[in-house]
Amino acid sequence: MKPYSLFFLLFILVVIGACKKDNNNLTSNNVVITFAGANIYGSQNGIGTNASFHGPSSVAVDAMGNVYVADRINNLIRKITAGSVVTTLAGSLNPGSANGTGSSASFNYPTGVAVDDSGNVYVADYGNNMIRKITAAGMVTTLAGSGSQGSFNGIANTATFYAPAGLAVDDSGNVYVADQGNNLIRKISTNGIVTTVAGSGAIGSVNGIGTAAAFNQPASVALDAGRNIYVADRNNNLIRKISPSGIVTTLAGSGNTGSATGTGTDASFYYPTGIAVDASGNIYVADYANCMIRKVTSFGLTITLAGSGVPGAINGYYINAQFNGPTGVAVDSYGNVYVADQGNNLIRKIQH
């Protein structure tokens, strides 16, 4: 064998070995476990699988590793410590819109949840057409929304929403809303002024600036360090991006239903419902109808992070794990991903 042929053979073997190592690292770094919940519906507090939820739809994680859950059908906001201790932060089980502390407050199908650097929790109170705020001490107030259905911009409780579904909060305290029923992305400034960031209100998938763009049932929003807004544009099967100047583009998805991996529009989703962003700009998607958790890298490549695509509640590695209609995702500072596994009434964790 010629020397250069031997060199080439050795090079190929090294490359193959490196690929196998990378693949092994991918699977071993994506182990799905049950963080909390008993896989039956209920409202029991407790540790880990001794607790129960009913239709958990969204999760958010704070700097201490506490996870907050919009426990939708229970009309509760739950808190899970890093040690998997589940308590009720606010809500009374009965639907309502009462402000107050802890169980004296009420919600109506709370669907989205976000948390700021001070530990304040924000709730997309879907059935009440309101955005609520819960202090770290459990005091619930109405941040914005009159309770009437509409798309009126204005000050705090003079503004109107229609089935708000997802929330994100920036480091200045501005709150961004996926106003699902209105097909709009809204903003609540720190002084309580509600404005429209993007969307015409008409159903569509048009890219453009601000109100020239269109969405179709946007379900969730997330922010990166540069204040770009990412949108799980649910019924368009797209992941959209809104720049700080209001320019709306399509980051990933063909618009057709599917689970294809690929870059940009070569990828496909099936009712992407939850979205989160890590410190490196990677995007995580709760791909509801595919029963998968997807990852869109900062380079625009979509891959499957976890989930076989078959509904179930199996823990395990990578695509050996199963979910059942996951609707919410959050990522902590270590890269662990938390999932509101709605169909299973579980909160799952993908360990990094």
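In this predicted model, the side chains of Arg78 and Asp71 meet in a salt bridge, with an N to O distance of 2.7 Å. Both partners, Arg78 and Asp71, are buried. A search of the whole structure finds eight salt bridges. This briefing covers some of them.

**A link between two loops**

- Asp171 and Arg227 form a salt bridge through their side chains, at 2.7 Å from N to O.
- Asp171 sits in the loop between strand S13 (164-169) and strand S14 (175-179), while Arg227 sits in the loop between strand S18 (218-223) and strand S19 (229-233), so this pair ties together parts that are 56 residues apart in sequence.
- Asp171 has a relative accessibility of 62% and therefore counts as exposed, because exposed means over 50%.
- Arg227, at 31% relative accessibility, counts as partly exposed.

**A network around Arg227**

- Arg227 belongs to a network of salt bridges that also links Asp170 and Asp171.

**A buried pair**

- The side chains of Asp287 and Arg294 meet in a salt bridge with an N to O distance of 2.8 Å.
- Asp287 has a relative accessible area of 0% and is therefore buried.
- Arg294 is likewise buried, with a relative accessible area of 0%.
- The cut-off behind both of these assignments is a relative accessible area under 20%.

Definitions and conventions: Residues numbered from 1 in each chain as written. Predicted model: local features only at pLDDT ≥ 70, side-chain atom pairs only at ≥ 80, totals over all residues. Heavy atoms only, no water. Salt bridge = Lys/Arg side-chain N within 4 Å of Asp/Glu carboxyl O. Buried < 20%, exposed > 50% of the residue type's maximum accessible area, 1.4 Å probe, protein only. Helix = DSSP H or I, 4+ residues; strand = E, 2+ residues; numbered from the N terminus.
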